[in-house]
Amino acid sequence: MSTSDDKRPQGAGTRVTHAGRRPEWSGRVVNTPVWRASTHLYESEAERKAAIGANHDGQFFYGRRGAPTQWALADALTEIEPGAFGTVLYPSGVAAIAGCLLAVLRPDDHLLMSDNAYDPTRSMATGLLKRMGITHSFFDPLDMAGFEALVADTKPRAVWFESPGSLTMEVCDVPALAAIARDAKAVTLMDNTWASGLGFAALENGCDIVMQSLSKHVGGHSDLMMGSASASERWYNALRLTSQQLGQIVSPDDAALAARGLRTMKVRLEQSTQSALKIAQWLSGHEKIEHVLCPLLPGAPGHDLWKRDFTGGCGLFSFVLKSDDPEASGKVADALDIFGIGYSWGGFESLVLPIYPDNDRSVMKPPTNCGAKSAVRLSIGLEDPENLIADLEQALGQLDN
Ligand SMILES: Cc1ncc(COP(=O)(O)O)c(C=O)c1O
């Protein structure tokens, strides 16, 4: 929970530099130390008893409710998330997704989920939640009229957005979709991992709960798994309670790493966004590329909404090859030297991943005409973009058509 009472407007760079730093937790050192502790000791039995009922943020109790290292990170994330009252940390992004959905949904509720949501999020709807008697429908986030009709028809308890969508990067009109959902009294949740709070103010654009995988931009160094969810006071309390009931806690060592990553996140994001745009522009003129799926790119699907609603981007985008060879994306990945083949994104190093988005869609036509074509996702890191372009040029040059 934010304890800052300084309401002066500050730029994002100033906020990520100073957010969550409390002299009462860090003393004279710059960073909050790693408080590695399960047991917290009480001065007296009276103090122990008082702590049980209180359950306040920032109160020593027992390791499962964290200690200053985790509290400082949660506070920092709250301070950089416009409109947030508090933030809950989870041991991974997927754990955050589960924590959000379990905090909101009850048996017999209906969930509407964007069809281009991250595959494990979709699996949560079709697996875990279904077993609990929670039904779901997937919706096409680009079809406003269809969404409105589905909301009227299914009376959802909750709606899940992800924008840009996983793999195919469609940007949807979150403010308009969220307004429809709110009018129908549905709780709106968003996976905002791509943009983070620096690039898209999800709560101020109509969402009740915003989650992100901190394993990506906040960690930034490919050495950490963590997730978070931020919300207004009402939903923060529900998230926190569910997370405590599930026994969710992150290690203080990982919290310290995430806090370190956070300090440089803005400059890393700016650099990788600039490089991604340069590379996307180059790819869009390449003879072996059918489309580039990158909202940063003028003229690409989603660019206008991205420009209207977002204040930043990141280095993650995809492209579709012209080749009819279903193995073409794998061949490109194998031929690349600088890009590593691997899951995740948002690290300092560039990654490539052959993708098959049509396997993870229920209602969306391949809006990006992937169809049977081979597609590739790139996460652009901090290398010189000219070197990455040269690597892509030689790898694409090895394709037959
Ligand atoms: C959009 C999106 N959300 C959530 C996650 C899950 O995060 P984590 O890997 O930290 O569990 C990922 C991971 O790739 C992702 O791409």
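The following legends describe close-up views of a predicted model.

The model is predicted, so local features are given only at pLDDT of at least 70 and side-chain atom pairs only at pLDDT 80 or more, while totals for chains, interfaces and linings use all residues. Residues are numbered from 1 along each chain as its sequence is written, and side-chain values use heavy atoms, with hydrogens and water left out.

**View 1. The residues around the ligand.**
The shell around the ligand holds 15 residues, of which Gly93, Asp191, Ser213, Ser215 and Lys216 come nearest; a residue is near a molecule if one of its heavy atoms lies within 4 Å of it. By class, the shell has six nonpolar, six polar and three charged residues. In this scheme Ala, Val, Leu, Ile, Met, Phe, Trp, Tyr, Cys and Pro count as nonpolar, Asp, Glu, Lys and Arg as charged, and the others, Gly among them, as polar. Helix α5 (residues 93–104) gives the most to this shell, with three residues. Helices (H or I, at least four residues) and strands (E, at least two) are DSSP runs numbered from the N terminus.

Gly93 places a backbone N or O atom 2.8 Å from an oxygen atom of the ligand. A polar backbone atom of Val94 is 2.9 Å from an oxygen atom of the ligand, and a polar side-chain atom of Trp345 lies 3.0 Å from a ligand oxygen atom. The protein buries 91% of the 390 Å² that the ligand exposes when taken alone. A polar contact is a pair of N or O atoms within 3.5 Å; within protein, one must be able to donate a hydrogen and the other to accept it, and residues adjacent in sequence count only if both atoms are side-chain atoms. Accessible areas come from the Shrake-Rupley method with a 1.4 Å probe, and for residues only the protein chains shown count as cover.

**View 2. The loop between β4 and α8.**
A cis peptide bond, with omega of about -5 degrees, joins Ser163 and Pro164. Pro164 lies in the loop between β4 and α8. Gly165 is also placed in the loop between β4 (158–162) and α8 (174–183). Gly165 counts as buried because its relative accessibility is 2%; buried means under 20% relative accessible area, exposed over 50%, and partly exposed in between (1.4 Å probe, protein chains only). The C-alpha atoms of Gly165 and Pro141 are 9.0 Å apart in space, and the two residues are 24 residues apart in sequence.

Asn192 belongs to the loop between β5 (187–191) and α9 (196–199). With 1% relative accessibility, Asn192 is buried, and a polar atom of the Asn192 side chain lies 3.0 Å from the backbone oxygen of Phe200. Thr273 is part of helix α11 (residues 252–284). Its relative accessible area is 15%, so Thr273 is buried. The side chain of Thr273 reaches the backbone oxygen of Gly313 at 3.2 Å.

Asn55 has a positive phi of about 50 degrees although it is not a glycine. This residue is found in the loop between α3 (45–54) and α4 (68–80), and Asn55 counts as buried at 19% relative accessibility. Ser222, which is not a glycine, has a positive phi of about 60 degrees. Ser222 occupies the loop between β6 (209–213) and β7 (227–231). At 49% relative accessibility, Ser222 counts as partly exposed.

Ser344 sits in the loop between β10 (340–341) and β11 (351–355) and is partly exposed at 28% relative accessibility. The C-alpha atoms of Ser344 and Lys130 are separated by 27 Å, the residues being 214 residues apart along the chain. Val292 lies in strand β8 (residues 289–293) and is buried, with a relative accessible area of 7%. Ala149 is placed in helix α7 (residues 144–154). A relative accessible area of 46% makes Ala149 partly exposed.
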